[in-house]
Amino acid sequence: MAITVTATQGGSTANGMGLRVFVLTQAAATQNGATVAHTFAAATATWTQSITTTQTGSRVYGAAAFGNSGVATAAAATTVVDDISDSTNNVSYETFKATSLTGTPGATTLGFTDTNTATGSFAMAEIKTAGTLTESGTAPAAVSTTSATTVTTASFTPTAGSLLVALVASDGGAAV
């Protein structure tokens, strides 16, 4: 069945946001992996945090939103998926993931550096597996807006029984 995914800001809103959806197969039915949420209150060009994974074969996904948009470069063990520059609102929306599935569970540092310094928000979540976690090719392309507080993906048909992971970076509300 074809669907779309919509992200809508809440709380204190401001135009601008990015949305990336991953379609994952063989994900665990219960998603209680490690999470990290951090606000960088002091301007920085280094957007990394440590996360302690709990399961072999899991993968960490994350998003960040920050002012003073620049160019993101992946940190070790990280793949930057989307580096969306919103010059209208002077914000960057980043999505990223661990380069590979977790080997031995434990602490790892993920994220990126940026060519500019800024403040903003950053979040990561470990997605647990019930087999070999795989990203399906059925996911839609990333979408973004500079002039709204809602964004919707194109229509797509996810693999049956898959887990949808939506990464949202926003110029308003809680930011990520």
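**Reading the features one by one**

Modeller: G18 stands opposite S144 in β10. Strands here are DSSP runs (E, at least two residues; helices are H or I, at least four), numbered from the N terminus. Before going on, note that this is a predicted model, with residues numbered from 1 along each chain as its sequence is written. Local features need pLDDT of at least 70, side-chain atom pairs count only at pLDDT 80 or more, totals for chains, interfaces and linings use all residues, and side-chain values use heavy atoms, with hydrogens and water left out.

Biologist: How many bridges pair β2 and β10, and in which sense?

Modeller: Two strands pair if DSSP finds at least two bridges between them. For β2 and β10 (residues 143-145) there are three, and the sense is antiparallel. β2 also pairs with β12 (residues 163-170) in the antiparallel sense, over eight bridges; there V23 stands opposite L164. With β9 (residues 129-135), β2 again runs antiparallel, joined by three bridges, and T25 stands opposite T134.

Biologist: How many residues of β2 are buried?

Modeller: Burial is read from relative accessible area: under 20% is buried, over 50% exposed, and anything in between partly exposed (1.4 Å probe, protein chains only). In β2, ten of the eleven residues are buried, so the strand is largely enclosed by the rest of the structure. For contrast, take G10, found in the loop between β1 (6-8) and β2. G10 has 43% relative accessibility and therefore counts as partly exposed.

Biologist: What describes a pair of aromatic rings?

Modeller: The distance of the centres and the angle of the planes describe such a pair. Rings of Phe, Tyr and Trp (its six-membered ring) pair if their centres lie within 6.5 Å; planes under 30 degrees apart count as stacked, over 60 as edge-to-face and the rest as tilted. By this rule there are eight aromatic pairs. One of them is F22 with Y61, a tilted pair at 4.8 Å centre to centre and 55° between the planes. F22 lies in β2 (residues 17-27) and Y61 in β4 (residues 59-67), so this pair ties together parts 39 residues apart in sequence. F22 and Y61 are both buried.

Biologist: Which class does the pair of F40 and F122 belong to?

Modeller: F40 and F122 are edge-to-face, with 6.0 Å centre to centre and 85° between the planes. Because F40 lies in β3 (residues 35-52) and F122 in β8 (residues 107-127), the pair ties together parts 82 residues apart in sequence.

Biologist: How many salt bridges does the structure hold?

Modeller: A salt bridge is a side-chain nitrogen of Lys or Arg within 4 Å of a carboxyl oxygen of Asp or Glu. The structure holds three. One joins the side chains of D82 and R20 at 2.8 Å, N to O. D82 is in β6 (residues 78-86) and R20 in β2, 62 residues apart, so distant parts of the chain are linked. D82 and R20 are both buried.

Biologist: Where does R59 find its partner?

Modeller: The side chains of R59 and E135 meet in a salt bridge at 3.4 Å, N to O. R59 is in β4 and E135 in β9, 76 residues apart, which again links distant parts of the chain. R59 counts as buried at 11% relative accessibility, whereas E135 is partly exposed at 27%. E135 forms a salt bridge with K97 too, the closest N and O atoms being 2.9 Å apart. K97 lies in β7 (residues 91-98) and E135 in β9, so that pair ties together parts 38 residues apart in sequence. K97 is buried, with a relative accessible area of 14%. Through shared partners, the salt bridges join R59, K97 and E135 into one network.
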